[in-house]
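The following paragraphs walk through a few residues of the structure shown here, one at a time.

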Amino acid sequence: KNNQAVISTAPTKRLWVRQLPPDNSSEMYSFTNLTLQLNQPEEDIAPTDSRNRPDQRLMELGRFEEANRIKSQLEEKQRQKRRARERLISAEEEYSETPLSTQPD
């Protein structure tokens, strides 16, 4: 025994082969086919999943101007909801700041 470790490995096996990007990949952020497939619509996904966003879908279809218009509309809607929540919280804080009267039991 010469106290040297013996390492044996199995023959090499190719696990992955790079696929060339689609011809129009420069119009799609140079994404590969795999990357493009990751965002495909599926059934039974959460309503909050970004794949359900209309602006996202339009962007993926290359309809950038329409996607930006829709995105602006969605963002404005979110701002309006946030302002409404802030007004509600502000009104609740004003209400809770009124002095409470104590009464004996």
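Leaving aside neighbours within four places in sequence, Arg51 is in contact with Leu38, Asn39, Gln40, Glu42, Ile45 and Arg57. The model is a predicted one. Arg51 itself sits in the loop that lies between α1 and α2. Its relative accessibility is 15%, and because buried means under 20% relative accessible area, Arg51 counts as buried.

Gln56 belongs to helix α2, which covers residues 54–60. Is Gln56 buried, exposed or partly exposed? With a relative accessible area of 28%, Gln56 is partly exposed, since that class lies between the cut-offs of 20% and 50%. Gln56 can also be placed relative to Ala67: the two residues are 11 apart in sequence, and their C-alpha atoms are 7.0 Å apart in space.

The last stop is on the surface. Which residues form a nonpolar patch there? Tyr29, Phe31 and Phe64 do, and together they have about 310 Å² of accessible area. Tyr29 is located in the segment before α1, the helix of residues 33–38. The relative accessibility of Tyr29 is 55%, so Tyr29 counts as exposed, the cut-off for that class being over 50%.

Notes: Residues are numbered from 1 along each chain as its sequence is written. This is a predicted model: local features need pLDDT of at least 70, side-chain atom pairs count only at pLDDT 80 or more; totals for chains, interfaces and linings use all residues. Side-chain values use heavy atoms; hydrogens and water are left out. Patches are made of residues with over 30% relative accessible area and no salt bridge: like charges are joined within 9 Å, nonpolar side chains (Val, Leu, Ile, Met, Phe, Trp, Tyr) within 5 Å. Accessible areas come from the Shrake-Rupley method with a 1.4 Å probe; for residues, only the protein chains shown count as cover. A salt bridge is a side-chain nitrogen of Lys or Arg within 4 Å of a carboxyl oxygen of Asp or Glu. Helices (H or I, at least four residues) and strands (E, at least two) are DSSP runs, numbered from the N terminus. Buried means under 20% relative accessible area, exposed over 50%, partly exposed in between (1.4 Å probe, protein chains only). Contact means heavy atoms within 4.5 Å.
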